[in-house]
Amino acid sequence: MTKYVYDFTEGDKDQKDLLGGKGANLAEMTNLGLPVPPGFTITTEACRVYLNEGAAPEELDVQVTGAIREVEAKMGKHLGDPADPLLMSVRSGAKFSMPGMMETVLNIGLNDESVLGLAEQSGDERFAWDSYRRLVQMFGKTVLHIEGEPFADALHALQDEKGYAGDPDMTTEDLQRLVVEFKAIVKEATGHDFPQNPREQLDLAIKAVFNSWNTERARIYRRREHIPNDIGTAVNVQTMVFGNMGAGSGTGVCFTRDPSTGHSGVYGDYLENAQGEDVVAGIRNTLPLSALGELDKKSYDELLAIMDRLEIHYRDLCDIEFTVERGKLWMLQTRVGKRTPAAAFRVADQLVDERLITRDEAVTRVTGDQLTSLLFPQFDKDAKKVTITRGMPASPGAAVGEIVMDNATAVARTQAGAKVVLVRRETNPEDLQGMVVSEGILTARGGKTSHAAVVARGMGRCCVVGADDLVVDDVAGTMKVKSTGKEFKVGDIIAIDGTTGEIFEGDVPVTDSPVTTYLAEGLEAGLAAAHTDDDRDLVGAVDRIMSHADEKRRMLVRANADSPEDAARARAFGAQGIGLCRTEHMFLGSRRKLIEKMILAHDEATQAEALAELLPYQREDFIGIFDAMDGLPVTVRLIDPPLHEFLPDLTDLSVKLAVKEAKGEEITDDERELLAAVKSHHEQNPMLGLRGVRLGLKIPGLIRLQVRAIAEAAAHLMKEGKDPKPEIMVPLIGGVRELQIVRDMALEVIAEVSKETGVELELPIGNMIELPRAAVSADTIATESDFFSFGTNDLTQTTWGFSRDDVEGTFFNEYFDYGVFGVSPFESVDLGGVGALVDMGVQRGRHSKPNMKMGVCGEHGGDPSSIHFFEKVGLNYVSCSPFRVPVARLESGRAAIENETTYVRHFNDL
Ligand code: PEP
Ligand code: MG
């Protein structure tokens, strides 16, 4: 029989796939002997069965019964016991944390009878009835899918009638009346009574959690975070403990280090007399954790000791949720905490200093995406700023943009090219879409662990929370400042500083990040550019981690660059050569006319003349680039795109000439000829037409010109005592014969130039693997090739049959929705298809030519997860855009370190 239910005593932290993150960590804490309320976890496997088959596995019921019995035995209480009921919470918990995305139901087990028992046992009637009305409300909303409004309306009607300011004014009798009204709402909406049977409540709540896996907002979240759609969630059923039992009780969230800056020292929020979700929901402003030390020293000291223990046990920053019930501390959750990118680098570096982790581990604890976030600009410290007010800094960065207050406006304005700042009273999971497109997020309520703060940190988005000087009215579209009386409206520009919590009026200039300065100009310059001790500390941490990644990585990192400026920038960022120098843009602008002349030429002499005119330009292009990369390889790709890209557009030209004709103006012979040429070069599918190597075979002069320019540029620089290292790359090769022809041609030209200049030239000649046929026949192609570079852009296009310029805007959304893929194959390499072809190409190529140099130069060369794949298949280098070079260095280092232990080859048998 499959085991679908695990008591907390049975699992451990490494079982996240099966028990979800929350369940695995609850089990770990239980086994460490920490005070965890007893409970059990229903596995993700049970959820998957439920989602696939529309019903839970049959054994589940029986196993849940057994697990309840265990908990009852431990607690000495029974679910639904009218005299002294055991109450339980039901929470989701997927493998990857999805804050606020799925459902929670508290106080399961209360009914018309047991509420009396709870009142009796707790000695607090009001508390018992408050818990019961919360259950009916929460159960109604999340399990029975009743709108929240009728409940809120009933609550407000009662409070208005009695003239109350808020919930705390309500008496036991009021709460009893609310229970009656809430139950009537349930009956009205569903046609059934609110379930009195605790086991039925529990079963329905479990199902609701399973179902919540597929809500719209959960799907959007997963797509953004690249979390697979089919892994499902676990369900944690746990004994309730109450932080809302009066002044000696409370609930909080804490971190073992500051997740915002990485400072060591305890950090967190505490809310007195509050239950579970109140802290995260950001509904009430919280106290700093240290306040607990004054309120309840015993619990505080115990908590600090546990935090210490957890951090040493997990060897990482932990975040923790806890509750104090009448002076007794309970641990409700822990996990390795989310943190800002700056904190990730600083904490990893600190943990090495503290001898808790190795330098190798430190490199694996940070990601390329986090490094990218650190490259974002900050506000210019010296700029004049007009402060509106301030809130709490929740996620660092600098954001400037128009105020927006809802998803629709946020999306519409950003689509129109505007930058926006999402301003809300507080955020909830429904605001996710707006948060995704905003530069920054500002809320008037809530603490550093509120929904806005947690989600923004996860996205690396700038965020300021709890600016309680602001009154946000999203209906009127206004943001009023209480202290000054000023008013701002939707569309006004504001700036927020997620590092200090400051909020400014209008546009504020921003400066480069010191990490960018460090990466481009070195450690000293980076330290000098840092304005604060924290920033200096960060630059030092990034330097130590990057240096170690460089030391450990096996793959080289090159850049895709086709101008001396880009080459120099890439080199400053640490590029070890150019992996792709596209040459087509060198034929645009004023040179386009020469290409046009070449295309239109009737005879070889005219064609040769046009090409000869192009030669000095091309030679200068290459001299500039080789010089900028002196001593490092530069892979120059011969011209690739269809020729019509150099000719006028067919429709434009036809219309122009037709208008001329209609006006009775004379059309010249040249114009007629041009139109004929444009027509003859018109193709239905130019991407599959006369391009790449095919151009070279059709117009050999073009290839000769390019090879000559490369060779002459190299000879020129060598005579100057430089060390140019060009490599010639032929695009769109499908079969070996194509390469053979071009290679012979190129070798002839190189020999000519050698002779003319007296400089001995040995230029490698290789090709791109960007067609499935090339990957499949890589063993034969390798016999004529000095190196391969995988062009995963075209390889994705041709493997899937997707037009790379069209599909992302036409049907990809549907493909995401249907789960055909979770991330665009143009962004992250599609392992099952394109990746398999790359692996095949590597193996077949090296079968003929062991140790053959191979790299990748498609966009995927700068994508973290693709880089890990390229490490596994054994590429020698990745090539990416200059700005991605630091990310590729770090990720290649991580991949090499991780690969030491987890080498998997996909095509052993090829
Ligand atoms: C590729 O196809 O992956 C490639 C790098 O070439 P381009 O994007 O220029 O077609
Ligand atoms: Mg290509």
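1. Helices (H or I, at least four residues) and strands (E, at least two) are DSSP runs numbered from the N terminus. On that basis, S785 sits in the loop between α31 (778-782) and β31 (787-790).

2. This is a predicted model, in which local features need pLDDT of at least 70 and side-chain atom pairs count only at pLDDT 80 or more, while totals for chains, interfaces and linings use all residues. Residues are numbered from 1 along each chain as its sequence is written, chains are lettered from A and ligands numbered from 1 in the order in which they are written, and side-chain values use heavy atoms, leaving out hydrogens and water.

3. S785 has a relative accessible area of 0% and is therefore buried (under 20%; exposed is over 50%, partly exposed in between; 1.4 Å probe, protein chains only). Leaving aside neighbours within four places in sequence, the residues in contact with S785 include L739, R743, I765 and M852 (heavy atoms within 4.5 Å).

4. The magnesium ion (ligand 2) is coordinated by E770 (OE) and D794 (OD) at 2.0 to 2.1 Å. E770 lies in the loop between β30 (765-769) and α30 (772-776) and D794 in helix α32 (residues 792-800), so the pair ties together parts 24 residues apart in sequence. Donors are N, O and S atoms within 2.8 Å of the metal (3.2 Å for Na, K and Ca); water is not among the atoms, so the site may look incomplete.

5. Y818, in the loop between α34 (812-817) and α35 (831-848), counts as exposed at 70% relative accessibility.
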